[in-house]
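Subject: Structure handover

Hello,

Here is the structure I promised to send over. Please load it first; my notes on packing follow below.

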Amino acid sequence: IWIFHGFYAEEKLVGNLASMSTSERIKAIQKMPRTMKQKREIRNKVLKEITEESRHHSSQLLCCPQCLQRTVVSFRRFGNSLSECFHLLQLTHKTLKIIGASFGTSVLSYFIFLKWLLAFNIFSFVINFSFITVPQFVAAEPNNLTFTGLELFTGAGYFQETVLYYGFYSNATISKTENGPSYNMQLAYIFTVVIYFVICFFILLFSMAKSFCRNFINPQMFSGTASKLLCVWDFNITNEKAVKLKQKNISMQIKEDLAEVNQEVLNFSATERVVRIIIHLVCWVASLGTAIAACAGVYFLSINNLKVFVKEHKNDFKSQAAMLVLPIVASLLNAFIPFFYSWLGHLERFQTPGYQIYVTITRNTILKISIIGILCYYWLNIVAASESQCWETLVGQDIYRLVLVDFIFCLLGSFFGEFLRRIIGTTICVNLGLPEFDIGRNVLDLIYAQTLTWIGILFSPLLPGIQIISFSIVFYVKKVSLMMNCQPPRKVWRTAQMATSFMLLLFFPSFLGVLSVIGVTIWRLKPSEECGPFRGLSSMYDVVSEWIKILENYTASKWVVWIYYNLITSEFFFFILSVIALIITYLYWQITEGRKTVTKFLKKQIIN
């Protein structure tokens, strides 16, 4: 019986391996806890089984179960091929390991955040391109404008009559044939944008909750230095370079843990405390005053530029170059003022590097969100009420130029801020030494660029595609600049909560502010009369109201009408949702507090 059972198990194993793809089969055989001779015998039996099966299928007609089996195998092979492709696309995995081993988790958190934003923009581009841009190609008219090359920098000219901007999209129902299926461009445009932002809202909430739970609520209980020394080594690593990289990574983690444990608490006298408070107040007044002055300059410059664009309507080189004045000034302010904030942080002499980074990030957030807020006020209250034939396209062009110039200044910042700083610190003024990677400034640059992209999606649906290219280039430029020009932080410190802070800043004030701008545009502002999918309407939201009125005449669509009137437009429904969310948050907080108490008790027991 035992021999028969073993023979049956081996035949079943061979049959399962024969149904796998080649790469999947190789991996499965390699993982078997058997000798090389036994693995070769199994491989030969599998190949023999595949040969006999192929002959059998060629000689007989396929029946339904065999068709089903082949379909399952085909899908399995297709899935395996896709997983291999995604594995090849993850070229940044090794780069992140090297950065974490050499510069610690604080610098690594920036590159992880950049990689996450890159994946997020790929998702955005796929949605907009699939449901908005591709249908427009069917009804697109030929572009009679000439391409000069200057459009790559200004976003105007030839690009104005392309799918890049809102004004090019049709307000008609697109149908390839007379009696064929139709595609309502108005409903597709507004539903794609609204559903996209709803998905983004839940993705950001899930990412924040996951990061918060991992770094604040459920930190690893056995994350001490002893456990890292004794339990963290991966014995599957055999490559010499991988071994050295793993050693550096563990060494850096232990240094960060020890730095947190051995953190000194400085005791200041009363006079020293007063002096430090005065220095902090002066620095905050200087930073806030700088932000207010920058916003005032951007506002008056934007007003002056709008007068030139709307009244003169010139397309010569001088007028095209004048379009770049506003984005260049905004990028100059965003590039140089953060250096001033970093200098203020060094002047304040915080006790830990973490405090300095968080204060710098807060000041940069105030600056960048203030500039974006002034620009949004300019777009929604001044440009929308101007004499422009298509104010939505004008806003889209402004955002395109801001994104492009910000990308160029980001690359120039790596050159002037890190490369030249290294040259000066190693040749002219040796006392300065190599520069450190400015995490606060670089993270806020990413959040600023992503905020502009979110605002511009309504006015320029393909803007995430441009941001994919810029973020990809920024990732590798920053990586090369970091390796060549920067040194690891002088004070080693652990930043497990840094990624959570980045996600929180991306959600508030960035994403919630963008939702406010998009909401005002859709519900309050009147679209242009001569361009775009919502031309001739009093607001973009009127498309949904008219569609609901049409559905009221169809019995099969009564449930959609009921959901619209009783849920979507009901303030009481959203009030109930808010109460439920608060209750769930309170219960979750109570559970986590109890879990923290249990964790502390277990740690004390382990130590004792």
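One cut-off before the details: an angle under 35 degrees between axes counts as roughly parallel. Keep in mind that the model is predicted.

Start with the helix pair α15 (residues 439–456) and α17 (residues 498–523). Their axes come within 10 Å and cross at roughly 25°. The two helices are therefore roughly parallel to each other. The crossing of α15 past α17 is right-handed. On the α15 side, the contact uses I439, V443, I447, Q450, T451, W454 and I455. On the α17 side, it uses F502, L505, L506, S510, F511, V514, V517 and I518.

Next, the cores. The largest nonpolar core holds 110 residues. F111, F113, W379, I399 and W454 have the most contacts inside it. Helix α5 (residues 92–139) supplies the largest share of this core, with 13 residues. A second core is separate and has eight residues, among them L17, A18, M20 and M32.

What does F113 touch, leaving out residues up to four places away in sequence? The list is V443, L446, I447, F502, M503 and L506. Of these, V443 and I447 of α15 also take part in the contact with α17.

Last, helix α18 (residues 542–551). Its buried residues are V543, V544, I548 and L551. Seen down the axis of α18, these fall within an arc of 135°, so they line one face of the helix.

Best wishes

How values were computed. Residues numbered from 1 in each chain as written. Predicted model: local features only at pLDDT ≥ 70, side-chain atom pairs only at ≥ 80, totals over all residues. Heavy atoms only, no water. Core = buried A, V, L, I, M, F, W, Y, C linked by side-chain atoms within 4.5 Å. Buried < 20%, exposed > 50% of the residue type's maximum accessible area, 1.4 Å probe, protein only. Helix = DSSP H or I, 4+ residues; strand = E, 2+ residues; numbered from the N terminus. Contact = heavy atoms within 4.5 Å. Arc of directions from axis to C-beta. Axes fitted to C-alpha atoms, helices over the stretch in contact; angles between N-to-C directions. Parallel < 35°, antiparallel > 145°, perpendicular 65-115°, else oblique. Left-handed = near helix turned anticlockwise from the far one by under 90°.
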